Amino acid sequence: MGFGDLKSPAGLKVLNDFLADKSYIEGYVPSQADIAVFDALSGAPSADLCHALRWYNHIKSYQKEKGSLPGVKKALGQYGPAGVEDTTSAGGDAAEDDDDIDLFGSDEEEESEEAIRIKEERLAAYNAKKSKKPALIAKSSILLDVKPWDDETDMAKLEECVRTVELDGLVWGQSKLVPVGYGIKKLQIACVVEDDKVGTDQLEELITAFEDYVQSVDVAAFNKI
């Protein structure tokens with residue numbers, strides 16, 4: 001298992017393909033698996049790798065709390081598609097330094113494995129107790145105007161990138177292209193969000209990250225459901 005060399009275009013392409021139908025490296029919530037792969041990257045993937053870039057921007061938002069994410073960080077070769085060997089750490093002083101850091105982190109995490117297990121058990125018990133109580137989920141309907149740079153922007157690719165943004169509590173709806181002027185069209189796209197989980201600022205930040213296609217994002221309409 002692995003992604004090849006995550007510091008190379010080929011490795012990033014493997015990561016992008018791997019995330020085409022996944023929100024996270026493992027499971028359904030951010031974990032130490034995501035942090036392990038995130039830390040191995042040299043920077044944000046290019047805009048044409050929209051699945052990898054969407055994942056990168058999402059995991060970047062957890063950097064201040066990455067130490068509290070569930071799971072235990074493993075070697076890069078323990079993640080990714082089968083049949084691909086990890087070569088990210090191969091060769092060079094920088095790679096050796098990364099290995100040293102990973103080893104130190106692994107030791108530290110092994111020591112706290114029992115604490116992590118207890119925390120996860122308590123969280124699972126709390127969620128199970130909470131799930132038994134019916135709760136009213138507040139939702140909102142949002143209409144976004146996503147504007148491109150010019151009339152040469154590939155609007156189909158722009159919409160594809162926007163729809164790769166996946167968040168718990170977010171459902172994308174219908175969209176259409178609306179003429180702005182001078183041959184330029186903007187993407188008008190609807191979505192429904194759970195108010196406690198998704199905010200307009202968060203959506204704007206994730207969408208404008210596709211900076212090769214997106215100039216700006218505006219809220220055209222906002223209605224409580």
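A cavity, on a 1 Å grid over the protein atoms alone, is a set of points where a 1.4 Å probe fits but cannot get out, and its lining residues have an atom within 4 Å of a point. Grid points are joined across faces, edges and corners, and the volume is the space filled by probe spheres set on those points.

This is a predicted model, where local features need pLDDT of at least 70, side-chain atom pairs count only at pLDDT 80 or more, and totals for chains, interfaces and linings use all residues. Residues are numbered from 1 along each chain as its sequence is written, and side-chain values use heavy atoms, with hydrogens and water left out.

**The cavity**

So what's inside? There is one cavity of 30 Å³ or more, and the largest cavity has a volume of about 40 Å³. Its lining is made up of Arg54, Asn57, His58, Val165, Glu166, Leu167 and Leu206. Helix H3 gives the most to that lining, with three residues. (Helices, H or I with at least four residues, and strands, E with at least two, are DSSP runs numbered from the N terminus.) Sorted by type, the lining has three nonpolar, two polar and two charged residues. Here Ala, Val, Leu, Ile, Met, Phe, Trp, Tyr, Cys and Pro count as nonpolar, Asp, Glu, Lys and Arg as charged, and the others, Gly among them, as polar.

Let's pick out His58, one of the lining residues. His58 sits in H3, which covers residues 50-60. Leaving aside residues up to four places away in sequence, His58 touches Tyr24, Leu167 and Leu206, where contact means heavy atoms within 4.5 Å.

Ser8 is in the segment before helix H1 (9-18). Is Ser8 buried or exposed? With a relative accessibility of 19%, Ser8 counts as buried, since the label means under 20% relative accessible area, with exposed over 50% and partly exposed in between (1.4 Å probe, protein chains only). His58 is buried too, at 8%.

Both residues also have a polar contact (a pair of N or O atoms within 3.5 Å; within protein, one must be able to donate a hydrogen and the other to accept it, and residues adjacent in sequence count only if both atoms are side-chain atoms).

| Side chain | Partner | Distance |
|---|---|---|
| His58 | Tyr24 side chain | 2.9 Å |

**The strands**

Strand S1 (residues 139-148) runs antiparallel to S3 (residues 184-194), with eight bridges joining them. S1 also pairs in the antiparallel sense with S4 (residues 214-224), over nine bridges. Two strands pair if DSSP finds at least two bridges between them. Val146 has Leu187 as its bridge partner in S3 and Val217 in S4.

Notes:
On a 1 Å grid over the protein atoms alone, a cavity is a set of points where a 1.4 Å probe fits but cannot get out, and a pocket is an open set with protein on both sides within 12 Å along at least five of seven lines; lining residues have an atom within 4 Å of a point.
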